[in-house]
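Let's take a walk through this structure together, one contact at a time. Have the sequence and the 3D view ready.

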Amino acid sequence: MSKKRERIRQTDKEKDVTLVRIAIYMRLSKTDETMREESNSISMQRILIRTYIASHFTECEVMEYQEM
């Protein structure tokens with residue numbers, strides 16, 4: 001196979017890469033409602049979840065959701 005064809009096939013493979021989207025859901029407690037700054041609970045949830053994502057998914061888009 002010629003080098004030109006190999007390059008074309010590599011380019012086609014690169015186009016097939018699908019972006020993985022991961023949604024993070026963090027639930028706030030009632031005490032979080034009155035706080036102006038983020039609670040330790042939410043900070044720890046974010047750290048744990050993002051650490052897991054970073055170690056298991058190399059390329060992804062992370063969206064974050066919070067609910068009271």
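Glu 64 has a relative accessible area of 31%, so this residue counts as partly exposed in this predicted model. Its side chain meets that of Arg 46 in a salt bridge, at 2.4 Å from N to O. The pair links distant parts of the chain, since Glu 64 sits in strand β2 and Arg 46 in helix α3, 18 residues apart. Arg 46 is buried, with a relative accessible area of 19%, because buried means under 20%.

Glu 64 also forms a salt bridge with Arg 50, where the closest N and O atoms are 3.3 Å apart. With these shared partners, Arg 46, Arg 50 and Glu 64 are joined into one network. Arg 50 is partly exposed, at 36% relative accessible area.

Now let's turn to the helix itself. How far apart are the end C-alpha atoms of α3? They are 24 Å apart, which agrees with the 24 Å that its 17 residues should span at 1.5 Å a residue. The buried residues of α3 are Ile 42, Arg 46 and Ile 53. Seen down the helix axis, they fall within an arc of 40 degrees, so they line one face of α3. Asn 40, Leu 48 and Ser 55 are exposed on the other side.

Phe 57 counts as partly exposed because its relative accessibility is 35%. Together with Val 20 and Tyr 52, Phe 57 forms a nonpolar patch on the surface, with about 270 Å² of accessible area.

How values were computed: Residues numbered from 1 in each chain as written. Predicted model: local features only at pLDDT ≥ 70, side-chain atom pairs only at ≥ 80, totals over all residues. Heavy atoms only, no water. Patch = residues over 30% accessible without salt bridge, like charges linked within 9 Å, V, L, I, M, F, W, Y side chains within 5 Å. Areas by Shrake-Rupley, 256 points an atom, 1.4 Å probe, with all protein chains shown as cover. Salt bridge = Lys/Arg side-chain N within 4 Å of Asp/Glu carboxyl O. Buried < 20%, exposed > 50% of the residue type's maximum accessible area, 1.4 Å probe, protein only. Helix = DSSP H or I, 4+ residues; strand = E, 2+ residues; numbered from the N terminus. Expected span 1.5 Å × (residues − 1). Arc of directions from axis to C-beta.
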